[in-house]
Amino acid sequence: RRLRGAGCSAPTVGDCLFGRHVQMSNGTQLTAGNHVTVLLNGEQTYSGIGTELRNARETITLQMYYFEPGKMADTLSAILRDRAQHGVAVHMLTDAFGGQKMKKEYVDQLKAAGVLTATFRPVHWYALQKLQNRSHIRAIVIDGRVGFTGGFGIADKWFGNGHTKDQWRDTDVRFTGPAVSQLQATFADGWVEATGTLLTGEKYFPKEPVKEEPAATAGLLDAQPTIGSTTAERFLALSIAGARKRLYIANSYFVPNYDFKQLLIEAAKRGVDVRILTVGTATDVKITRYAGRKQYGDLLKGGVRIWEFAPTMMHAKTLVADGIWSSIGSMNFDNRSMVFNNEANLNVLDAPTAAVLDSVFLNDLKYSKEITRAEFEKRGLLQRLFELGSSAMARLL
């Protein structure tokens with residue numbers, strides 16, 4: 001949605017008013033005292049998650065959209081069963097659509113060990129109106145004190161370095177501090193809908209968060225569907241409009257609607273170095289790629305630069321603006337994420353964190369192909385027809 005004001009522009013991401021606008025527009029409460037660590041691909045993400053899970057002493061809450069059988073799922077099961085048998089309260093919430101490949105035997109084994117499991121919005125004939133509203137969230141919280149989110153799923157394709165065929169490229173985050181309770185609250189919201197049980201108490205929401213240095217200002221965007229403009233749309237619009245120097249967006253499913261396309265073009269026209277990194281031919285959803293490419297012409301003409309990642313599937317969802325404002329999470333740059341799905345992103349107002357994401361983004365460009373306007377206009381008729389047909393479905397993608 002376009003940002004409109006009473007004769008004034010949106011606050012810049014470096015303005016002291018920006019944090020207040022974020023809280024007022026989408027409910028994200030930015031708090032000091034958070035320690036943020038950017039994690040890349042399975043090599044870093046799953047070693048970090050595995051260590052924290054094995055060290056859990058009181059509670060584990062795990063919410064996951066994508067789940068499929070394999071080595072990663074088996075490793076997770078072994079850890080969760082071990083912790084449950086040692087008295088840790090383990091809760092696992094999976095989305096009915098994203099987790100449909102899970103076997104009954106797998107879940108039964110977890111339950112037998114004492115793991116509490118639930119399915120988010122199971123598909124029933126009498127509740128088909130909820131079918132398109134999925135929980136795309138990735139949330140893991142250990143002892144109410146350590147949190148993880150990002151684009152990862154439980155599947156073997158997330159193993160590896162993100163530069164080898166069939167080893168997906170992703171960006172995730174580990175964090176401690178007050179923002180962990182916000183992620184826990186997001187889990188609790190999904191859990192109470194699925195089970196009718198509201199998680200409360202200090203073992204889930206400790207009075208004193210972990211204090212690690214260096215500390216950053218951060219807060220969780222808990223984006224849920226609603227009538228009218230959504231929190232996800234308002235967050236993204238405010239972030240784009242607040243950029244003044246550079247705006248680096250990495251997103252696997254990049255299908256901007258007209259309003260967001262115009263916001264990106266307007267940012268480029270006011271001198272912002274706007275760069276988009278998205279998936280290339282290794283995409284797992286071709287229709288979404290074609291729908292996104294339908295928008296390339298206008299964006300390139302408007303001064304936005306676009307790269308497509310070459311080695312493998314690029315699944316990251318990050319944004320970094322002006323070297324100070326950044327976001328890492330599950331939210332895609334498409335209508336499905338912004339309007340239909342539940343999503344969670346950690347938003348960070350911190351120069352060191354933004355510097356890491358800037359570096360990651362620029363390094364990814366070395367493995368990507370820039371799409372120039374001249375080259376793009378030479379694409380064939382068949383490509384154009386695929387793009388046109390796919391864009392007709394853009395609202396549902």
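# Exercises on a predicted model

R169 is found in the loop between strand 6 and strand 7 (171-176), where strands (E, at least two residues) and helices (H or I, at least four) are DSSP runs numbered from the N terminus. The model is predicted, so that local features need pLDDT of at least 70 and side-chain atom pairs count only at pLDDT 80 or more, while totals for chains, interfaces and linings use all residues. Residues are numbered from 1 along each chain as its sequence is written, and side-chain values use heavy atoms, with hydrogens and water left out.

## Exercise 1: the surroundings of R169

Determine whether R169 is buried or exposed, and list the residues with which R169 is in contact beyond its neighbours within four places in sequence.

Solution. Begin with accessibility, for which buried means under 20% relative accessible area, exposed means over 50%, and partly exposed lies in between (1.4 Å probe, protein chains only). R169 has a relative accessible area of 1% and is therefore buried. Next, take contact to mean heavy atoms within 4.5 Å. With neighbours within four places in sequence set aside, R169 is in contact with L40, N41, G162, F309, T312, M313, M314, H315, A316, V360 and D364. Finally, the side chains of R169 and T171 are joined by a polar contact of 3.0 Å; such a contact is a pair of N or O atoms within 3.5 Å, where within protein one must be able to donate a hydrogen and the other to accept it, and residues adjacent in sequence count only if both atoms are side-chain atoms.

## Exercise 2: helix 2 against helix 3

Describe how the axes of helix 2 and helix 3 cross, and name the residues that meet.

Solution. Two packed helices are described by the angle between their axes and the distance between the axes. Axes are lines fitted to C-alpha atoms, for helices over the stretch in contact, and angles run from 0 to 180 degrees between N-to-C directions. The axes of helix 2 (residues 41-54) and helix 3 (residues 71-85) come within 10 Å, crossing at roughly 15 degrees. Helix 2 and helix 3 are therefore roughly parallel to each other, given that angles under 35 degrees count as roughly parallel, over 145 as roughly antiparallel, 65 to 115 as roughly perpendicular and the rest as oblique. The crossing of helix 2 past helix 3 is left-handed, a term used if the near helix is turned anticlockwise from the far one by less than a right angle, with right-handed used if clockwise. On the side of helix 2 the residues are Y46, G50, L53 and R54, and these meet M72, T75, L76, I79 and R83 in helix 3. Sorted by class, this contact of helix 2 with helix 3 has five nonpolar, two polar and two charged residues; Ala, Val, Leu, Ile, Met, Phe, Trp, Tyr, Cys and Pro count as nonpolar, Asp, Glu, Lys and Arg as charged, and the others, Gly among them, as polar.

## Exercise 3: helix 6 against helix 7

Repeat the analysis for helix 6 and helix 7, giving the crossing angle and the classes of the residues in their contact.

Solution. The axes of helix 6 (residues 231-242) and helix 7 (residues 258-269) cross at roughly 15 degrees and come within 10 Å. Helix 6 and helix 7 are therefore roughly parallel to each other, and helix 6 passes helix 7 in a left-handed crossing. Helix 6 contributes E233, L236, A237 and I240 to the contact, and helix 7 contributes F260, L263, L264 and A267. By class, the residues in the contact of helix 6 with helix 7 are seven nonpolar, no polar and one charged.
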